[in-house]
Amino acid sequence: MERLDKVLSNLGYGTRKEIKALIKSGEVEVDGKVVKDNGLKVKAEECIIKVFGEEINYRKYIYIMMNKPDGVVSATFDNYDETVIDLLEYEDSVFKPFPVGRLDKDTEGLLLITNDGELNHRLTSPKWHVDKVYYAEINKIVDEEDIKAFENGIVLDDGYNCLPAKLEIINADKNGSEVYVTVQEGKFHQVKRMFEAVDKEVVYLKRVKMGNLTLDENLELGQYRELSDEELLCLKDVHETK
Ligand code: URA
């Protein structure tokens, strides 16, 4: 059970003071009855709450898939740069969501944004080994030797020994290569540093998959949508079965 005013403030209906006034004015109904007590305890998932006669869409958690554009940082706040949270509509940002893991400022693609701390933890904790798939463009020819080196575990510039990673070549010629890289970790600049270790440079990076969740190609850069129930189940399934 939660206080009615807290439920409404979590959904962005105003400050606690404003909500108290709203409730006192008789504009809030719970299960068909006008309530005037802002401290009323309710089971928000189970009752029908109406504000100005309209039923509210109550939920505790929000799960967003964004196609992150280049130039914004994966953080909730930044002194200089626009953040992925700045790209959200007010009705979504009231849930106080945060990005799950980080993509570099210049990396594009799939970013999950949620306020579900437990899911965040399970998707980012190394012990769950969640696959992250990136599409990358590389400045040189990527070959079988690189595939083997990734399979055996790349050693980064700081001596860190990466877990085995999968490298698939889409095409490769003297102008450069297009590849898919699958990693299970999320070290700082990991994919870029893995290629540096084999004397190559990532010139473009986009995440396309995380666990069972695939980037919706209909989302333009900077656009986002909520996950479907099915996608959410799939995503939660990954860590329960591993
Ligand atoms: N690896 C990188 O180097 N950068 C990212 O943004 C994600 C993975």
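Helices (H or I, at least four residues) and strands (E, at least two) are taken here as DSSP runs, numbered from the N terminus.

**Entry 1. Basis.** I am working with a predicted model, in which local features need pLDDT of at least 70 and side-chain atom pairs count only at pLDDT 80 or more, while totals for chains, interfaces and linings use all residues. Residues are numbered from 1 along each chain as its sequence is written, and side-chain values use heavy atoms, with hydrogens and water left out.

Entry 2. I looked up the UniProt record, an unreviewed entry, which places "domain: RNA-binding S4" on residues 2–57. UniProt positions follow the numbering used here, feature names are shortened, and annotations may be inferred rather than shown by experiment. Over residues 2–57 I noted 29% helix and 25% strand, with the end C-alpha atoms 16 Å apart.

**Entry 3. Glu-27.** I located Glu-27 in the loop between helix H2 (16–24) and strand S2 (28–30). Its relative accessibility is 34%, so Glu-27 counts as partly exposed (buried is under 20% relative accessible area, exposed over 50%, partly exposed in between, with a 1.4 Å probe and protein chains only). Setting aside neighbours within four places in sequence, I found Glu-27 in contact with Leu-22, Lys-50, Val-51, Phe-52 and Gly-53 (contact means heavy atoms within 4.5 Å).

**Entry 4. Aromatic pairs.** Tyr-135 is buried at 12% relative accessibility, whereas Tyr-180 is partly exposed at 32%.

I then examined Tyr-135 with Tyr-204, an edge-to-face pair at 6.0 Å centre to centre and 65 degrees between the planes. Tyr-204 belongs to strand S13 (residues 202–210), 69 residues from Tyr-135, and is partly exposed at 25%. I recorded Tyr-135, Tyr-180 and Tyr-204 as a cluster linked by ring pairs.

**Entry 5. Charge over a ring.** I noted the charged end of Lys-187 over the ring of Tyr-160, 4.7 Å from its centre (the criterion is NZ of Lys or CZ of Arg within 6 Å of the ring centre and within 35 degrees of the ring normal).

Terms used: Rings of Phe, Tyr and Trp (its six-membered ring) pair if their centres lie within 6.5 Å; planes under 30 degrees apart count as stacked, over 60 as edge-to-face and the rest as tilted.
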